[in-house]
Amino acid sequence: MKNVLVVGGAGYIGSHMAKCLSANGYVPIVLDNLDHGSRQTTKFGPFFEGSMNDASLLQKIFSEYPVAAVMHFAAFCYVGESMKQPAKYYQNNVVNTLALLECMVEENISNFIFSSSCSIYGEPVETPITEDHPKKPINPYGRSKLMVEQILHDFRQAYGLESICLRYFNAAGADPDGELGEDHDPETHLIPLILKTALGQRPHIDIFGDDYPTPDGTCIRDYIHIEDLAQAHLLALERLLTGLSGGQYNLGNATGYSVKQVIEIARSATNEEIPARVVERRPGDPAVLISSSEKAMKDLGWKPKFTDLEAIMETAWTWHKNNPNGYAP
Ligand code: UFG
């Protein structure tokens, strides 16, 4: 059985995953309510428009397409928004995910791959961050992800629902074929905003704070290419399908770049000036997030291809240049 339900499969990460599954002999069945996803990306398998808490739709999908596993990319993902609207985050990211999991249990589907996040760790006490680092999220987004990880722990014990939680650091870049890219509405992520500035669509990039305890005062993040992320999911899927145990894995490149360094790399990639200005800190942002991904390399055999930000930026810039309006018609 090669069908995989990709919930949120029309979004940035989900669409790259659907393409990767289809390229590797699986049939991605995409479920997406298109609140944030783009219909144009749903071309790699059957598509259902709807929500993950719609039990009757899920039952219909599962009866039409018996699935080997479910991958879940349908979370809200804006740290800043989660600080202002926590209810929205707990409702979608926790309550709706719980509904999806309950439906899986009822339908005897026992493999689940969850998009977790480095946000579950909060302000690191040491870097690189390993999987057993203390988990003290400092924003509702991170707390919502941690709650689902805890639910998954209990579901494994009670119902035998096996799961792998992939804790992404900062997903970035675009499909190297140029077919898919990063297009959020609204856009809040650093790299697409920088590239929109390079395209002249924004007057400047705002740097959220330069008084953090880092060498240049701006926040440091570990950027991971979207294709490497998709490969890790594929390996996680294969692990579950061969009957091996689930678990939690960090996914990053073990290298941190400050906001100012990211802007510099974008200036070289684009040959554009990219005006920048420093503004207030954004609430909910930890100063430094750098991953240790040794566990994923060892257990899953994961080997990222895009290990430096220059290469990641190049793919992002190619897509933005060729799609200045994103997926908008
Ligand atoms: N930033 C700016 N200016 C901007 C946008 C972002 O300075 O206009 C800074 C942020 O303050 C942060 C860094 O750039 O320090 C990266 O910000 P992003 O919004 O691109 O991503 P986050 O670091 O907030 O990523 C977090 C989690 C991820 C999670 C993601 C979901 O670390 O695990 O949010 O959006 F997946």
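Which residue's side chain does lysine 19 meet in a salt bridge? In this predicted model, the partner is aspartate 175, with an N to O distance of 2.9 Å. The two residues belong to distant parts of the chain, 156 residues apart. Lysine 19 sits in helix α1, whereas aspartate 175 lies in the loop between β7 (170–172) and α6 (190–198). Lysine 19 has a relative accessible area of 16%, so it counts as buried. Aspartate 175 is buried as well, at 6%. The contact belongs to a network of salt bridges that links Lys19, Lys43, Asp175, Asp177 and Glu179.

The structure holds 16 salt bridges. Among them is the pair of arginine 167 and glutamate 149, whose closest N and O atoms are 2.6 Å apart. Arginine 167 is part of strand β6 (residues 162–168), and glutamate 149 is part of helix α5 (residues 140–159).

Aspartate 211 is in the loop between β8 (205–208) and β9 (220–221), and arginine 281 is in the loop between β13 (276–279) and α9 (294–300), so the pair ties together parts that are 70 residues apart in sequence. Aspartate 211 has a relative accessibility of 51% and counts as exposed. Arginine 281 is partly exposed, with a relative accessible area of 40%.

Helix α1, which carries lysine 19, is also an element of a right-handed β-α-β unit. β1 and β2 (residues 27–32) are parallel and pair over five bridges. Within this pairing, leucine 5 stands opposite isoleucine 29 of β2. β1 also runs parallel to strand β4 (residues 69–72), to which four bridges join it. Valine 4 has alanine 69 of β4 as its bridge partner.

How many residues of strand β1 are buried? Five of the five, residues 3–7, are buried, so the strand is largely enclosed by the rest of the structure. The cover extends to both faces of β1. On one side are Asn3, Leu5 and Val7, and on the other are Val4 and Val6.

The ligand is surrounded by 24 residues. The closest are Cys77, Ser117, Asp206, Arg221 and Asp285. Three of these residues can be described through their polar atoms. A polar backbone atom of cysteine 77 is 2.3 Å from an oxygen atom of the ligand. At aspartate 206, a polar backbone atom is 2.7 Å from a nitrogen atom of the ligand. Aspartate 285 instead uses its side chain, where an N or O atom is 2.6 Å from a ligand oxygen. On its own, the ligand has 680 Å² of accessible area, and the protein covers 94% of this.

Which element gives the largest share of the shell around the ligand? Strand β8 does, with four residues. α6 and β8 each supply at least two residues of that shell.

How values were computed:
Residues numbered from 1 in each chain as written. Predicted model: local features only at pLDDT ≥ 70, side-chain atom pairs only at ≥ 80, totals over all residues. Heavy atoms only, no water. Buried < 20%, exposed > 50% of the residue type's maximum accessible area, 1.4 Å probe, protein only. Pairing = 2+ DSSP bridges. Right-handed = clockwise from strand over helix to strand, strands pointing away. Salt bridge = Lys/Arg side-chain N within 4 Å of Asp/Glu carboxyl O. Near = heavy atom within 4 Å. Polar contact = N/O pair within 3.5 Å; in protein donor to acceptor, adjacent residues only side chain to side chain. Areas by Shrake-Rupley, 256 points an atom, 1.4 Å probe, with all protein chains shown as cover.
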